[in-house]
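Colleague: Please take a close look at the charged side chains of this chain. Which of them pair up, and where do they sit?

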Amino acid sequence: MASSFFSDFGLMWYLEELKKKEFVKFKELLKEETVQHGLKQIPWTEVKKASREELANLLMKHYEEKQAWDVTFRIFHKINRKDLCDRATRESAGHTTLYQTHVKKKYRDLCSREFFTVAHDFFDQKITEEEHDYFEQLFTIKTIKKQSRTVILKGVQGIGKTTMLMKLLLAWSTGSIYQNRFSYVFYFCCREVKQLVSTSLADLISREWPTSPVPTAEILSEPQKLLFLIDSFEVLSCDLTQAESELGSDCMEERPVRVLLSSLLWKKMLPDSSLIVAVTSENAGSLEEQLENPEVKKLVGFSESNRKLYVRCMFPDRSQGMAAFSFVREKEQLFTMCQIPLLCWVVGTCLKQEMERGKDLADTCRCTTSLYTSFIFNLFTPKGASCPTKESQNQLKGLCSLAAEGMWTGTQMFNKEDLKRNGILDSDIPALLDTKVLRRRESENCYVFLHISIQEFCAALFYLLRSHLDHPHKAVENTTLLLFTFLKREKEHWLFLGCFIFGLLHKQEQEKMDIFFGFQMCQEIKQQLFQCLDAIGESRDLQQEIDQLTLFYCLHEIQDEAFVQQVMAYQREIKLVIKDNVDLIVSAYCLKFCTTLRKLSLSVEDVLQGNEKQRPVPAFKLNCWHQICSVLLTNNVQVLQVKDSKLDESAFIILYNQLKQPKCPLRSLKVNNITFFCESQLFFEVFLSNTNLKRLNLNHTTLSREDVQLLCDVLLHPECNIEKLLLTNCNLSSEDCEVLASVLLSSSKLKHLNVSCNNLGKGVPSLCSALCHPDCVTELLILANCHLSETCWVSLSDTLLKNKTLSHLDISANDLKDEGLKILCEALRQPDSGIQSMRLQQCLITAKGCEDLALVLTGNQNLKSLQISNNKLEDVGVKLLCEALAHPNCRLESIGLEECELTSACCKDLASVFTVSKTLWGINLLENDLGYSGVSMLCEALKHPNCPVYVLGLRKSDFDEETQALLEAMEERIPYLTILSND
């Protein structure tokens with residue numbers, strides 16, 4: 001064992017790891033060891049009363065280094081602490097302990113200086129028992145899937161991701177967690193790494209190492225013992241979908257930062273290492289999609305008890321603290337904000353400021369903007385004064401200019417040159433730091449806003465103070481572009497910027513600004529806002545681009561009822577994904593102003609589920625849900641979709657009470673991937689009460705046998721008017737086919753049935769039997785991916801022969817094969833076949849099957865559409881089809897040949913069809929290797945004056961530049977030609 005290791009750190013570090021009982025036992029065994037091995041006796045009286053440090057000194061004093069370690073190791077084994085022996089052996093060179101000592105000093109100091117917590121006594125750098133368990137579970141062995149070595153730690157900005165990583169790093173450095181799992185833990189902040197043009201992993205590690213030389217070889221020798229903490233990943237805007245050739249495994253080789261991190265995250269480099277990647281919630285989804293089998297953990301911030309404790313801690317007077325928290329608890333938006341520790345401080349500070357000034361808290365907290373306005377203005381107004389000094393006004397103006405620049409340039413860290421450019425002098429900096437709105441990051445020698453929302457508020461305020469033309473940075477754009485950019489969610493780091501602009505236009509906030517700055521605010525911005533929203537109202541394309549929930553948040557901030565009603569008047573189709581209580585409140589507020597709504601799509605996820613303790617959904621949520629559902633009666637809503645949601649019984653009853661009203665104009669109801677915590681019978685009764693409903697879509701909603709029976713009973717009721725029924729992926733079985741067959745047999749209204757993606761198998765013959773009945777009115781049947789077997793083809797063929805109403809049949813994604821196709825074609829080729837549209841995609845059809853299809857094309861003049869994509873037809877099969885398509889008896893209008901393993905060799909035949917056919921207007925040739933020569937032949941045919949084709953399925957990006965140019969030239973030459981791709 002190296003002398004430097006022993007002398008520098010001694011035995012004390014290992015003795016400190018022993019629990020109290022273990023340390024007592026250690027002393028007792030030490031007494032036995034000295035006798036057993038004939039070692040020099042250490043006075044028992046000294047050993048008995050010795051602390052851990054004193055005992056280590058006694059061992060050093062009485063024995064040589066090797067003897068001391070040998071004795072210690074033997075005793076560790078006897079008290080079942082072999083882990084300490086292993087650790088000491090591994091760390092004998094002193095590297096891990098040296099690094100841990102460095103980590104403790106560096107990051108404790110960093111936390112003390114830079115991680116702002118006003119109520120610092122409330123926080124503790126030591127991990128709690130709950131946090132310890134949380135950390136340990138991050139890398140627990142999974143029983144079902146392969147153990148993940150990559151953890152994505154997601155959460156909104158300011159929720160505490162960096163603090164969590166710091167605590168984890170410090171806990172590891174003190175031996176509290178991962179003692180035997182990781183030899184080294186390295187923290188990389190992407191804000192710092194981003195400054196590097198290129199680097200190597202070894203270089204990043206060396207930047208964290210306290211001494212020189214760096215033991216790189218030893219550190220990298222056991223990659224399974226390495227943990228990398230990658231913080232603030234979102235600032236890189238890093239697309240990990242790098243070409244395989246760019247990635248590398250050499251830790252010593254310099255690469256662009258983007259490529260280096262991609263190599264690490266894709267596991268090309270150190271595949272056995274572990275990673276925790278902290279990223280904002282907005283960026284977590286794309287990162288998760290790109291990584292292989294990551295474990296995703298969401299950081300939710302302060303619990304309710306922590307929020308209560310934190311707010312109360314800010315008030316010396318306990319009763320005031322309780323009153324402040326009660327106010328916060330009643331305001332759902334404030335309460336939600338307080339999940340984020342820094343914003344909890346903002347809310348508490350603002351309430352304290354306003355209470356000291358005798359202000360009405362209801363006015364202060366009218367909305368988020370009003371709270372931020374009061375908070376910022378109070379910080380820049382001397383205590384006891386009614387208005388700020390001129391110096392404070394200028395300092396805030398400079399801060400607002402800086403914030404606007406940062407929002408447009410995507411910057412959150414500013415140097416002194418940035419401050420100076422925006423009018424902030426060196427002499428202003430101490431005052432700004434005192435307000436705590438701005439803080440200094442010593443590690444990066446830069447300045448940052450307390451929280452991104454503070455920067456967003458100040459940026460919004462800039463636009464009411466000055467024109468963008470007066471800004472010193474050319475990146476700062478006008479208000480109109482800002483609003484469109486915000487409403488389209490084109491900049492992910494703009495979370496609330498546009499909302500603040502709307503909120504600042506409220507009369508109450510205008511009055512605050514007039515008092516603070518002493519002059520009337522710029523009114524031009526209000527006119528620009530009106531013009532922006534008018535443009536959206538007049539353009540269907542713009543309405544599709546706008547994120548409606550973001551717009552709703554803006555309208556909720558301004559809270560001008562006349563204005564909101566004017567904006568909502570053009571909302572005819574609304575799609576909302578409601579993820580939390582505030583989304584629910586904002587949506588309810590805006591939807592009550594709708595008057596022209598026609599289509600509504602809602603997802604409320606688990607917001608209306610209740611909780612795990614079986615507590616009912618709170619009344620305020622149900623009131624909001626009632627307001628939302630009320631639009632079904634106050635508007636002429638034709639289509640409603642409720643998807644990806646779990647509805648508590650009370651929430652369902654509210655929806656049910658609106659749907660069942662005879663005056664509810666709804667014609668189409670889509671209930672997709674829904675869990676109702678109530679009796680199914682209630683739901684199906686809707687279709688008896690509301691006779692306006694014609695279409696029911698239950699796709700992706702699991703139905704039990706009882707549910708299917710209830711549904712069919714309703715469909716057979718004379719009061720039910722459902723004509724179109726979609727049951728894709730509803731967990732139906734072959735047994736359910738019997739009751740569905742009874743509906744097909746007896747219902748005079750049901751014309752469209754889609755039961756795709758269900759394991760129906762042996763149940764299909766019973767459906768076919770019903771379809772053969774002369775009273776059956778079914779016109780469209782979809783059986784795609786229903787696990788149909790060979791026994792089904794005869795039944796389906798019989799149906800095709802006898803049914804006179806069926807015009808569309810889809811049996812895609814079933815193992816039809818050429819043999820089954822031959823059976824169906826016997827019926828399809830009959831001149832009196834009523835089938836007009838047939839889909840046979842991914843049915844294992846080959847060129848041989850094309851012989852039978854060709855006979856259908858020439859024998860059945862009713863067939864207008866044939867989709868046979870994703871089959872191995874090859875050029876030989878398409879040649880057979882082309883001969884039929886060119887026949888004068890063929891009346892086919894569109895054909896799908898996507899991914900059929902075609903080459904340029906079949907294009908001559910296809911081109912011939914283009915010039916001969918009188919009816920073929922559309923053909924899909926995507927995902928086939930046609931090449932330039934093949935496309936060139938098709939283009940020549942398209943120029944023919946008699947060519948009827950005007951829709952061509954080809955993805956231009958699949959071809960070389962020459963072929964792309966050819967296709968673009970065709971589009972210019974033939975104005976009516978449309979080249980479609982499935983992008």
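Modeller: The chain carries 110 positive and 128 negative side chains, and the centres of the two sets lie 5 Å apart. Lys and Arg count as positive, Asp and Glu as negative; His and the chain ends are left out. Each charge is placed at NZ of Lys, CZ of Arg, CG of Asp or CD of Glu.

First, the ground rules. This is a predicted model, where local features need pLDDT of at least 70, side-chain atom pairs count only at pLDDT 80 or more, and totals for chains, interfaces and linings use all residues. Residues are numbered from 1 along each chain as its sequence is written, and side-chain values use heavy atoms, with hydrogens and water left out.

Now the pairs. Side chains of opposite charge can pair when their charged atoms come close. The whole structure holds 24 salt bridges. The cut-off is a side-chain nitrogen of Lys or Arg within 4 Å of a carboxyl oxygen of Asp or Glu.

Take E33 and R74. Their side chains form a salt bridge, 2.8 Å from N to O. E33 belongs to helix α3 (residues 20–36) and R74 to helix α6 (residues 65–78), so the bridge ties together parts that are 41 residues apart in sequence. Helices are DSSP runs of H or I with at least four residues, strands are E runs of at least two, and both are numbered from the N terminus. E33 is buried, because its relative accessibility is 1%. R74 comes out as partly exposed, because its relative accessible area is 29%. Buried means under 20% relative accessible area, exposed means over 50%, and partly exposed is in between (1.4 Å probe, protein chains only).

Next, E246 and R258. This salt bridge spans 3.7 Å, N to O. It links distant parts of the chain, 12 residues apart: E246 is in the loop between β4 (226–231) and β5 (255–256), and R258 is in helix α14 (residues 257–265). Both partners are partly exposed: E246 has 36% relative accessibility, and R258 has 39%.

The buried ones are V257, V259, L260, L261, S262, S263, L264 and L265. They pack against α11 (190–193), β3 (198–199), α12 (201–208), β4, β5 and β6 (274–280). Contact here means heavy atoms within 4.5 Å. Just after α14 comes K267, with a positive phi of about 70 degrees.

K802 and D798 meet in a salt bridge at 3.3 Å, N to O. Both lie in helix α41 (residues 791–802), four residues apart, about one turn of the helix. K802 is partly exposed at a relative accessible area of 45%. D798 is also partly exposed, at 29% relative accessibility. Elsewhere, salt bridges that share partners join E33, R74 and K78 into one network.

R540, R572, K575, R598 and K599 form a positive surface patch. Patch members have over 30% relative accessible area and no salt bridge; like charges are joined within 9 Å, nonpolar side chains (Val, Leu, Ile, Met, Phe, Trp, Tyr) within 5 Å. R540 is in helix α30 (residues 540–545). Its relative accessibility is 47%, so R540 counts as partly exposed.

E605 sits in the loop between β11 (599–603) and α34 (619–629). At 31% relative accessibility, E605 is partly exposed. Beyond neighbours within four places in sequence, E605 is in contact with V577, I578, K579, D644, S645 and K646.Finally, the setting. The chain has 47 helices and 24 strands. Of its 983 residues, 54% are buried. The accessible surface comes to about 43,100 Å², of which 48% belongs to carbon and sulfur atoms. Those areas come from the Shrake-Rupley method with a 1.4 Å probe, and for residues only the protein chains shown count as cover.
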